[in-house]
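Please read the numbered points below with the sequence and the model at hand.

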Amino acid sequence: MVTRLAKYLWGDFNRQEVKKFGILGAIFFFLIGSYWLLKTQKNAAFAAIVGFSYQPKAKLISWVASIFIVLLYSKLVDWFDKNRLLTGLAALYGGGFLVTSYLLKYSSIGFANTVASPDRLFGWFIYLFTESFGTVMVGLFWAFVTSSTKTDSAKKGYPLIIAGSQLGSILGSWLSLKSAWFGNANLYAVVGLGFLMIIPTVYAYRYF
């Protein structure tokens, strides 16, 4: 049934291609869903912990840091194959955002402390850590896809990957709008779990 639907929407798919691009779509779903959720949460966290007036400075620091991150990323690509690098960074960001969620519930450094101050380094860390994700992970995902996909197959399969990203953006945006229900700190845990879900999905792709 899924194969028939894919053929109807995007052309002549065989069963293996549906599995392959369906799994890649699932990886992109977790990635983009996390991105859209973080996009608003990082600003809310920074404003509450550091102060909104310091955001231009944070953007400037993030831009400078991105230069070094890209240089480091280029070295990592030389040292590790792309699927190992993708799962390794997913584990890093997943664990990082789970720890962030936990620390945001602390009375001294988290949201319970309502006195915003530029001296609260945790707020700067959240902003820069979140920005680094956007610099690295999306580009790495597409590098991972292109390294394992032939051109003819890609023309048929990329729309299925994009469909996964669209679903992720819808869910991530919806969760962000409902932050009052779930709690901002808990949404960082959702992001962390989303990243960790990338790991078994990449392994499923390798052995499908």
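This is a predicted model: local features need pLDDT of at least 70, side-chain atom pairs count only at pLDDT 80 or more; totals for chains, interfaces and linings use all residues.

1. I109 touches I49, L103, R120 and F122, leaving out residues up to four places away in sequence; contact here means heavy atoms within 4.5 Å. I109 sits in the loop between α4 and α5. Because its relative accessibility is 32%, I109 counts as partly exposed; buried means under 20% relative accessible area, exposed over 50%, and partly exposed in between (1.4 Å probe, protein chains only). I109 and F122 are 13 residues apart in sequence, and their C-alpha atoms are 7.0 Å apart in space.

2. Residues are numbered from 1 along each chain as its sequence is written, and side-chain values use heavy atoms, with hydrogens and water left out.

3. On the overall fold, the protein contains eight helices and zero strands; both are DSSP runs numbered from the N terminus, helices (H or I) of at least four residues and strands (E) of at least two. Of the 208 residues in the protein, 43% are buried. Among contacts with a separation of 6 or more, 83% join residues 24 or more positions apart. The accessible surface of the protein comes to about 11,200 Å², and 67% of this belongs to carbon and sulfur atoms; such areas come from the Shrake-Rupley method with a 1.4 Å probe, and for residues only the protein chains shown count as cover.

4. The largest nonpolar core has 48 residues, and L24, L31, Y93, F97, M137, F195 and I198 are those with the most contacts inside it. The elements giving two or more residues to this core are α2 (15–49), α3, α4 (82–103), α5 (121–147), α6 (151–177) and α8 (184–206). A nonpolar core is a set of buried Ala, Val, Leu, Ile, Met, Phe, Trp, Tyr and Cys residues joined through side-chain atoms within 4.5 Å.

5. F97 touches L38, F129, T130, Y188, A189, V191, G192 and F195, not counting residues up to four places away in sequence. I198, in helix α8, counts as buried because its relative accessibility is 1%. Apart from neighbours within four places in sequence, I198 is in contact with I27, F30, L31 and A90.

6. How many salt bridges does a search of the whole structure find? The search finds one, a salt bridge being a side-chain nitrogen of Lys or Arg within 4 Å of a carboxyl oxygen of Asp or Glu. K42 pairs with E131, and their closest N and O atoms are 3.4 Å apart. The pair links distant parts of the chain, with K42 in helix α2 and E131 in helix α5, 89 residues apart. K42 is buried, with a relative accessible area of 8%, whereas E131 is partly exposed at 26%.

7. Q55, A58, S62, S66, Y73 and L76 are buried in α3. I67 lies in this helix, which covers residues 55–79, and counts as partly exposed because its relative accessibility is 41%. L60, W63, V64, I67, F68 and L71 make a nonpolar surface patch of about 650 Å². Patches are made of residues with over 30% relative accessible area and no salt bridge, like charges being joined within 9 Å and nonpolar side chains (Val, Leu, Ile, Met, Phe, Trp, Tyr) within 5 Å.
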